[in-house]
Amino acid sequence: MSGTPVAGVEAVSEDEFRAETSGEGLPPLARVRDGLHVLPQALGSTHSPRYTLSYLVLDTAGGVHVIDPGWDSDENRARLENALDSLGRSITDVRSTVSTHLHRDHLGLADHLRDRVGAVIVLHEREQAAIERLADARDRQTPGAATARLISWGVPAGRRAELEPMSIEVTAARSSADRLVSDGDVLDIPGRRLEVLDTPGHTPGHIALVDRDERLVFTGDHLLPSIYGGIGLGGPVEDAIGDQLASLDRLEQLESGQSYAVDGMFEVLPGHGFRFTGLTARVRDTREHHLARSAEVAELLGQSSGASVWQVAEGVRWSAGWANLRPFHRFSALAQTAMHVAHLRLADEKGVG
């Protein structure tokens with residue numbers, strides 16, 4: 001196994017770790033457990049994440065269930081068919097797709113599989129509601145809506161044009177689920193017990209899937225090995241930061257009271273990057289990252305309580321530096337800042353902090 005910059009977190013797959021850290025090529029199809037394989041699916045991106053980790057579950061009745069099928073492209077369709085052929089199955093064996101959340105790099109291929117072979121699309125009930133809200137908002141959006149949001153953030157007039165085309169909502173798919181699930185539900189997969197765990201934050205209805213027998217947890221974009229997943233990327237909610245922190249607490253509880261010997265730990269199967277062990281260590285590191293950002297925003301607001309989101313964001317220590325952020329990443333930074341401001345103000349109203 002390969003060590004990572006986070007103490008206690010180790011990559012399970014050398015191929016996946018090398019692909020993630022070198023930025024070269026896609027890792028191959030790999031066995032996770034008997035009847036469970038991981039298939040990296042291309043995103044066409046030159047920076048991390050460059051691929052989605054899709055998981056193929058072979059059930060005991062001859063069916064196949066695809067967790068996070070990935071971006072819909074001719075290349076990914078062919079990779080999936082070739083992978084199934086190599087496992088002695090075919091595309092016609094696919095019974096369902098289960099997506100951890102609504103983004104196209106996780107849900108996109110699901111519609112193709114339903115149209116071609118009748119594979120049932122499974123989503124959390126809150127995620128389906130979020131898809132419908134986003135679709136309605138896109139259909140109803142007026143030309144001035146993007147500008148109004150930028151004005152509310154205090155973006156200077158001379159900087160608005162570069163940000164107006166940006167939207168963190170454009171990556172949402174428009175799929176409609178055939179089966180809705182909620183916290184505690186067990187997926188209909190013969191021979192394997194996968195339990196739904198609510199993990200909102202990245203999106204309103206994001207889920208993790210827990211296999212307690214094999215000590216596996218599929219974390220989607222909620223918990224990633226080498227980058228921090230975005231927050232609030234499925235439409236507006238009251239407190240996306242608070243949701244994310246509460247979901248991290250739920251994940252950490254999976255290992256609470258367990259021995260930290262290898263046999264007692266969960267293997268984490270994320271949506272991007274590489275599979276890893278060290279769930280608790282990565283949860284704590286991710287939590288600290290978000291809390292540190294909130295503390296930084298709180299300090300800046302303390303220096304100027306009337307500061308706009310733009311003014312606060314200018315003062316935040318972004319990894320690439322505020323001046324170096326490309327328009328999409330600057331838009332994302334502004335959205336993150338706005339969410340931290342809302343989280344802090346809500347906590348203040350509730351007397352928490």
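Two strands are taken to pair if DSSP finds at least two bridges between them. In this predicted model, strand E8, which covers residues 120-124, and strand E9 meet that description, since their parallel pairing runs over three bridges. Within the pair, His 124 has Val 181 of E9 standing opposite.

The two strands belong to an open sheet of seven strands with mixed pairing, whose order is E3-E4-E5-E6-E7-E8-E9. The edges are taken by strand E3 (30-33) and strand E9 (179-181), and because each of these has a single partner strand, one side of each is left without a neighbour in the sheet. From one strand to the next, the twist averages 25 degrees. Helix H2, formed by residues 74-86, packs on this sheet, where it touches strand E4 (36-42), strand E5 (51-58), strand E6 (64-67) and strand E7 (94-98), and the direction of the helix makes about 160 degrees with that of E4.

From the sheet we turn to a pair of helices. Two packed helices are described by the angle between their axes and the distance between the axes. For H8 and H10, the axes come within 9 Å and cross at roughly 80 degrees; because angles of 65 to 115 degrees count as roughly perpendicular, H8 is described as roughly perpendicular to H10. The contact of H8 with H10 is made up of five nonpolar, five polar and two charged residues. On the H8 side stand His 290, Arg 293, Ser 294, Val 297, Ala 298 and Leu 301, and these meet Gln 336, His 340, Val 341, His 343, Leu 344 and Arg 345 in H10.

Both helices also take part in the largest pocket, as helix H8 (279-303) and helix H10 (327-349) each supply at least two residues of its lining. The largest share of that lining, eight residues, comes from H10. The pocket has a volume of about 1,600 Å³, and of the 41 residues that line it, Ser 48, Tyr 228, Phe 328, His 329 and Ser 332 are the closest to its centre. By class, the lining of the pocket divides into 18 nonpolar, 19 polar and four charged residues.

Apart from pockets, how many cavities of 30 Å³ or more does the structure hold? There is one, and the space in the largest cavity comes to about 40 Å³. The residues lining this cavity are Gly 201, His 202, Thr 203, Pro 204, Gly 232, Gly 235, Val 237, Ala 240 and Asp 243, and they comprise three nonpolar, five polar and one charged.

Definitions and conventions:
Residues numbered from 1 in each chain as written. Predicted model: local features only at pLDDT ≥ 70, side-chain atom pairs only at ≥ 80, totals over all residues. Heavy atoms only, no water. Helix = DSSP H or I, 4+ residues; strand = E, 2+ residues; numbered from the N terminus. Axes fitted to C-alpha atoms, helices over the stretch in contact; angles between N-to-C directions. Contact = heavy atoms within 4.5 Å. 1 Å grid on protein atoms, 1.4 Å probe; cavity = no way out; pocket = protein on both sides within 12 Å on 5 of 7 lines; lining within 4 Å. Points joined across faces, edges and corners; volume = space filled by probe spheres on them. Nonpolar A, V, L, I, M, F, W, Y, C, P; charged D, E, K, R; others polar. Parallel < 35°, antiparallel > 145°, perpendicular 65-115°, else oblique.
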